[in-house]
Amino acid sequence: MSLIGIDLGTTFCAVAALDDRGRPFTVPNRDGEVLTPSAVYLAPDGSAVVGQAALDMALEQPDRVATLVKRRMGLPDYGPQVAGREFRPEALSAVILKKLAQDAALQLGPVTGCVITVPAYFDDTRRKATMDAGKIAGLNVIDIIDEPSAAALAYSTQQGEDVTQPRTVLVYDLGGGTFDVTLVKLGRKRFQVLAIEGDVRLGGRDWDERLVNWAADQFVRQGGADPRTDPQALVHLFSTAERVKRTLSKIEQASFTVNHGGHKFTFPLARGDFEALTRDLLVRTRLTAQQVLKQSKLTWDAVDKVLMVGGSTHMPACTQMLTDLTGKAPDRSLAVSEVVARGAAVHAGIASAAMDVGAALPAIPDLADVVEISVNAHSLGVEVRAGTERVNDKLILKNTQLPASVSRMYFTAAENQTRVRVRILQGEAHQAEACIPVGECWIEGLPPNLPKGAPVRVKCGVASNGRIEVTATDETSGRAVTAAIHRPGGLSDDELARAAEWVRALKVQ
Ligand SMILES: Nc1ncnc2c1ncn2[C@@H]1O[C@H](COP(=O)(O)OP(=O)(O)OP(=O)(O)O)[C@@H](O)[C@H]1O
Ligand SMILES: [Mg+2]
């Protein structure tokens, strides 16, 4: 009987569990690797392969391999067909999750529940898609947790009991596909997120892409055919770019060889050149870090520690930039690629202790009564008309402590109206169309014969894990009425059940 934490990354995944004292440890996959590449190969025999072997297959059969699925979470489809079929991102993520849980079970025994991590900056639609992926995989998803919070949680357990004075910690998390910065206050048995900023489309992959374009442009200039137009050559280019990037984190000078269409050229590249090619990307992360500090009205002097998380922080330029920005050397004591999964395992322990889900689990005193407080990464609002304009009426502001809820009164527009619809938005913009539409909240089942102008109270809330909830009350009778969010791009219960059946029957290695 085990609880696990799963870091479902854009490019790599990791799994962790808790020992009997509540300390997290990483669980390697069946190949003994701590990280499993987030790649799915769909074989002609109908089975699936996840991990490094799938990445290797992408070099031969790119049209049978799905990668970077997390970048598509919250959207209705993965994009290109995989093995001739269209997929929802949730279903492909579920295949990855099934493999991770299956490998973990080999070592830990049956997995009773899991916590899956999400970028702090994920909106409700993407959070729901992640939870659905877990359900499709047949997992008991106890909760989701923000990746930087998980990292800070793991860090605080690593520090042991000596957290007598609360400390303010900045977590800079630059992964393969997403970027988050979070300010956290760590105390004994108390864990509080102060502010979140981020970018759901910025990560190591963008650094790779710069290198790919740089090498391909030079290749073309030397007389070669553009390798980017050939899907197989493009996979090779990305794979070389990633290797060159990693090399440049260790040594100052590397080279990039492109072999395509009968031409082979090698281009030397110094670390400084690579940094120049990608400077604006790093500057974006710097601005975001400044932003989070501003949001929390703190100065760098008030920040006790800077934690670096995510594989991309191996790039020396990150350390340099953060030292320069914050005036302190970032803490490198964490295993940057494992710490998120470990924190998720800790959260699973805390959540299950609080919910008593795992009555079968041994009680872990260290994790009992830990208070975790988070904030919402995006403002929550409803669409209202102001003249001819549709604007975002913000109900719960960004960086409000969670859980939070706000009530609004609505009035029926006609006699005998039985339902009211409210459009729910996430985002900071004033214009409704510039925000992220969460969906329509349908308030239904109002009693018959209500007069025009009858009051209906709608309560919108954000739960501790960032998920949006709505409830409504018919104020005339004082009774609760149904309120459900209908997400246009979301997965229906039927689709979810069908996808779950497909994954259940799928052989995954
Ligand atoms: N030594 C290194 N130098 C530079 N980049 C590296 C190094 N090692 C790993 N990376 C990069 O780190 C990224 C993977 O990091 P990580 O595993 O934290 O991301 P992820 O969890 O897959 O993504 P995300 O958290 O954004 O969903 C990849 O882009 C990889 O190329
Ligand atoms: Mg990650």
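This is a predicted model: local features need pLDDT of at least 70, side-chain atom pairs count only at pLDDT 80 or more; totals for chains, interfaces and linings use all residues.
Residues are numbered from 1 along each chain as its sequence is written, and chains are lettered from A and ligands numbered from 1 in the order in which they are written. Local features need pLDDT of at least 70, side-chain atom pairs count only at pLDDT 80 or more, totals for chains, interfaces and linings use all residues, and side-chain values use heavy atoms, with hydrogens and water left out.

Helices (H or I, at least four residues) and strands (E, at least two) are DSSP runs, numbered from the N terminus. Two strands are taken to pair if DSSP finds at least two bridges between them. In general, strands of a sheet pair through backbone hydrogen bonds, either parallel or antiparallel. One open sheet consists of 3 strands in the order β6-β5-β7, with antiparallel pairing. Its edge strands are β6 (48-50) and β7 (65-67), each of which pairs on one side only. Neighbouring strands of this sheet are turned by 20 degrees against each other on average, direction ignored; axes are lines fitted to C-alpha atoms, for helices over the stretch in contact, and angles run from 0 to 180 degrees between N-to-C directions. Between β5 (residues 39-42) and β7 there are 3 bridges in the antiparallel sense, and valine 40 has alanine 66 in β7 as its bridge partner. Helix α1 (residues 52-60) lies across β5, β6 and β7 and runs at about 65 degrees to β5.

A hairpin is formed by β13 and β14, with 2 residues between the strands. Strand β13 (residues 253-260) runs antiparallel to β14 (residues 263-270), and 8 bridges join them. Asparagine 259 has lysine 264 in β14 as its bridge partner. Within this hairpin, glycine 261 takes a positive phi near 55 degrees.

The ligand site comes next. Of the 21 residues around ligand 1, those that come nearest are Thr10, Thr11, Lys70, Glu242 and Ser249; a residue is near a molecule if one of its heavy atoms lies within 4 Å of it. An N or O atom in the side chain of threonine 10 is 2.5 Å from an oxygen atom of ligand 1. The backbone also takes part: a polar backbone atom of phenylalanine 12 is 2.7 Å from a ligand 1 oxygen, and a backbone N or O atom of glycine 311 lies 2.8 Å from an oxygen atom of ligand 1. The protein covers 94% of the 650 Å² of accessible area that ligand 1 has on its own, by the Shrake-Rupley method with a 1.4 Å probe. Helices α5 and α6 (231-250) are the elements that give two or more residues to the shell, and α6 provides its largest share, 4 residues.

Several loop residues remain. Most residues other than glycine have a negative phi, and most peptide bonds are trans. The loop between β18 (389-396) and β19 (404-411) holds proline 403, and the peptide bond from leucine 402 to proline 403 is cis, with omega near -5 degrees. Asparagine 399 lies in the loop between β18 and β19 and has a positive phi of about 65 degrees. Asparagine 399 is buried, with a relative accessible area of 16%; buried means under 20%, exposed over 50%, and partly exposed in between (1.4 Å probe, protein chains only). Asparagine 416, in the loop between β19 and β20 (420-426), has a positive phi near 60 degrees and is partly exposed at 41% relative accessibility.

Conventions. Contact means heavy atoms within 4.5 Å. A polar contact is a pair of N or O atoms within 3.5 Å; within protein, one must be able to donate a hydrogen and the other to accept it, and residues adjacent in sequence count only if both atoms are side-chain atoms.
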